[in-house]
Amino acid sequence: GPRWPMRAAVQTEHGVYEVDLEEGLVLELDEGARLDVASVETGLPLVVAAVRSGATVIAVVERRPPLAISNDACRTWREAGGGLPPGRSVAIADDDPDLVVYAARNRLYLSRDGGRFWTALALELPEIEAVAWLP
């Protein structure tokens, strides 16, 4: 089931913000921090960022729609995120591959169904460089 609170670390040009994704609130800012976000090799062109959780791989790509999702470890792909703006980063929750957070230039989007439907957080942030789930 859903965890509480659902928190993400968001690296921006001003430092790393800790964000409560349920409430759309900034909890704190660490100005000196950097996220260590490993990118996954997908074999796809135009990849901005890619993450993996088990057999699920989600790639942010420089085209429309801006997401490619694989549920079989990069063997087959489907397009997703038709309504989303161009992306910077994406993260899959470790314990629930249906929970995905997507970062555009200064907005975050949350999916609870593996990337089919997305909700925009009202929160606006400085220019986003990377996003990661917090345990």
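The model is predicted.

The largest pocket has a volume of about 260 Å³. Its lining comprises 15 residues. A91, I92, D94, A132 and W133 lie nearest the centre of the pocket. Strands β4 (47-53), β8 (89-93) and β12 (128-133) each give two or more residues to this lining. By class, eleven of the lining residues are nonpolar, one is polar and three are charged.

The largest nonpolar core contains 19 residues. Within this core, V19, L21, L108, L125, V131 and W133 have the most contacts. Two or more core residues come from each of β1 (7-12), β2 (15-20), β8, β9 (96-103), β10 (108-111) and β12. A separate core of 14 residues lies apart from the largest one. Its members include I69, L84, V100 and A104.

Four strands form an open sheet in the order β8-β9-β10-β11, with antiparallel pairing. The edges are β8 and β11 (119-120). Each has a single partner strand, so one side of each is left without a neighbour in the sheet. The β8 and β9 strands pair in the antiparallel sense over five bridges. I92 has V100 of β9 as its bridge partner.

Note on methods: Residues numbered from 1 in each chain as written. Predicted model: local features only at pLDDT ≥ 70, side-chain atom pairs only at ≥ 80, totals over all residues. Heavy atoms only, no water. 1 Å grid on protein atoms, 1.4 Å probe; cavity = no way out; pocket = protein on both sides within 12 Å on 5 of 7 lines; lining within 4 Å. Points joined across faces, edges and corners; volume = space filled by probe spheres on them. Nonpolar A, V, L, I, M, F, W, Y, C, P; charged D, E, K, R; others polar. Core = buried A, V, L, I, M, F, W, Y, C linked by side-chain atoms within 4.5 Å. Buried < 20%, exposed > 50% of the residue type's maximum accessible area, 1.4 Å probe, protein only. Pairing = 2+ DSSP bridges.
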